[in-house]
Amino acid sequence: MTKKTELLGRGLRIVRQMPHIIPTVARMEFRHRYGIARDHRRATGYSAPPTNLAICLTLRCNLKCSMCRQIRGGQEVPENRSWFAGEGEMDLAGWISLLDQVKGFHPWLYVTGGEPTLSPHFKEFVAAARQRHLIVQLQTNGTRLAQLADFLVEQGVVAVTISLDGPPEVHDAIRGVKGTFRRVAAGAQALREARRKQGRPNPILSFNCTISKDNVAWLADMVPLAISLGADVLQFQHTMFNSPEKVARHNAFFSRERVEGLGLEMAFPSICEGEYYQSEITAADIPVLQASLAKARELAQDRLQLVFMPNLPAELIGPYYLDLGYPFQQGCDFFWK
């Protein structure tokens, strides 16, 4: 049986056990195929309610990842970034209120952070979302997954995506904490065991590999590694990065006068020093990166579902990393999703 066939079968089991997933997926598919284009044509500036919500429960984190774009442990937090401190986080009542406001249009909730499981409201939020028949996907660094596996399966979380950046030594070096790979492997095993014990087809187990200078040479190895850890899906995520010049242009564009004229609320500067990552990939790395991803596709075949974000053809990988002014033709539909 191919991985695609297996996932289709498990998807049908998920639908039988969670029929409320149908309106969520149906809306996502309709918006992708027809709705977003319709909203573009109307040119009113308005969009239908979102199909996906990224829920950032907390920006706390227990790791120090080399390619992270948020303010990290050890850095001084500017006064206007109160949400990086625990006392600046939204309380559980606020999150419950949000769930009640959005439940009518059945969005897919992508729970992220920081490390979302460090939020003191994590379990209560997931339980409240599931009580309202909302679909929950968790993005985690996996270090606390072993303790939460039974809970996630019981709640019917549909997917868990774990960050994984390479073999043990590579992953630990990138994540900045020794023993992180071991805890990730234990968490994945615990999740699969909880799924087996409870007879549930979900959560779908996905690994997300963020491409950086530190793991370019190891990307093809990610396929057999993910398979050995029981992955259903492996996603390669091209680094999200910036440059001082682009940040300066961005902050100048979002001036106080412009922002106030648009009726928006925003902290200034919009992007502060230490809140973005500068890519270290060079021209010499591009052929290695292209070959590694091609090899990964070959190794995955029917054994693993591969996803690329963004899904770039090989010839655009160079411009992506080396030319921040490149006129990409692909449109961004996030504002309409």
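## Salt bridges

Let's start with a charged pair: R42 and D39 join their side chains in a salt bridge, with N and O 3.2 Å apart. Here a salt bridge is a side-chain nitrogen of Lys or Arg within 4 Å of a carboxyl oxygen of Asp or Glu. The two residues, R42 and D39, sit three residues apart in helix α2 (residues 21–42), so about one helical turn separates them. D39 is buried, at a relative accessible area of 3%; buried means under 20% relative accessible area, exposed over 50%, and partly exposed in between, using a 1.4 Å probe and protein chains only. Helices (H or I, at least four residues) and strands (E, at least two) are DSSP runs numbered from the N terminus.

This is a predicted model: local features need pLDDT of at least 70, side-chain atom pairs count only at pLDDT 80 or more, and totals for chains, interfaces and linings use all residues. Residues are numbered from 1 along each chain as its sequence is written, and side-chain values use heavy atoms, with hydrogens and water left out.

Searching the whole structure gives 18 salt bridges. One of them pairs E89 with R60, with the closest N and O atoms 2.8 Å apart. Both E89 and R60 lie in the loop between β1 and α3, so the pair ties together parts that are 29 residues apart in sequence. E89 is buried, with a relative accessible area of 16%, while R60 is partly exposed at 31%. Another salt bridge links K103 and D100, whose closest N and O atoms are 3.8 Å apart. K103 is partly exposed, with a relative accessible area of 37%, and D100 is also partly exposed, at 35%. Through shared partners, salt bridges also join K3, E6, R10, R195 and D232 into one network.

## Helix α4 and R130

Helix α4 is mostly covered, with seven of its ten residues buried. Those buried residues are F122, F125, V126, A127, A128, A129 and R130. They pack against β1 (52–56), α3 (92–102), β2 (108–112), β3 (135–140) and α5 (145–155). Just after α4, H133 takes a positive phi of about 60 degrees.

R130 is buried yet has no salt bridge, and the nearest side chain of opposite charge, E154, is 11 Å away. For charge, Lys and Arg count as positive and Asp and Glu as negative, while His and the chain ends are not counted. The R130 side chain does reach the backbone oxygen of L134 at 2.8 Å. Leaving aside neighbours within four places in sequence, R130 is in contact (heavy atoms within 4.5 Å) with M18, H20, I135, V136, Q155 and G156.

## Aromatic rings

Eleven aromatic pairs turn up in a search of the whole structure. The rings of Y320 and Y321 have centres 4.9 Å apart and planes at 70 degrees, so this pair is edge-to-face. Rings of Phe, Tyr and Trp (its six-membered ring) pair if their centres lie within 6.5 Å; planes under 30 degrees apart count as stacked, over 60 as edge-to-face and the rest as tilted. Y320 and Y321 are both buried, and ring pairs link F241, Y320, Y321, Y326 and F328 into a cluster.

Charges also sit over rings, which here requires NZ of Lys or CZ of Arg within 6 Å of the ring centre and within 35 degrees of the ring normal. K123 lies over the face of F151, at 5.3 Å from the ring centre, and R258 lies over the face of F253, at 3.9 Å from the ring centre.

## Backbone details

Two cis peptide bonds are worth checking in your viewer. One runs from G113 to G114, with omega near 25 degrees, and G114 is in the loop between β2 and α4. Another joins N202 and P203, with omega about 10 degrees; P203 is found in the loop between α7 (180–198) and β5 (204–210).

H106, in the loop between α3 and β2, has phi near 55 degrees and is partly exposed at 29% relative accessible area. Q301, in the loop between α11 (285–300) and β7 (305–309), has a positive phi of about 40 degrees and is exposed at 56%.

How values were computed:
A polar contact is a pair of N or O atoms within 3.5 Å; within protein, one must be able to donate a hydrogen and the other to accept it, and residues adjacent in sequence count only if both atoms are side-chain atoms.
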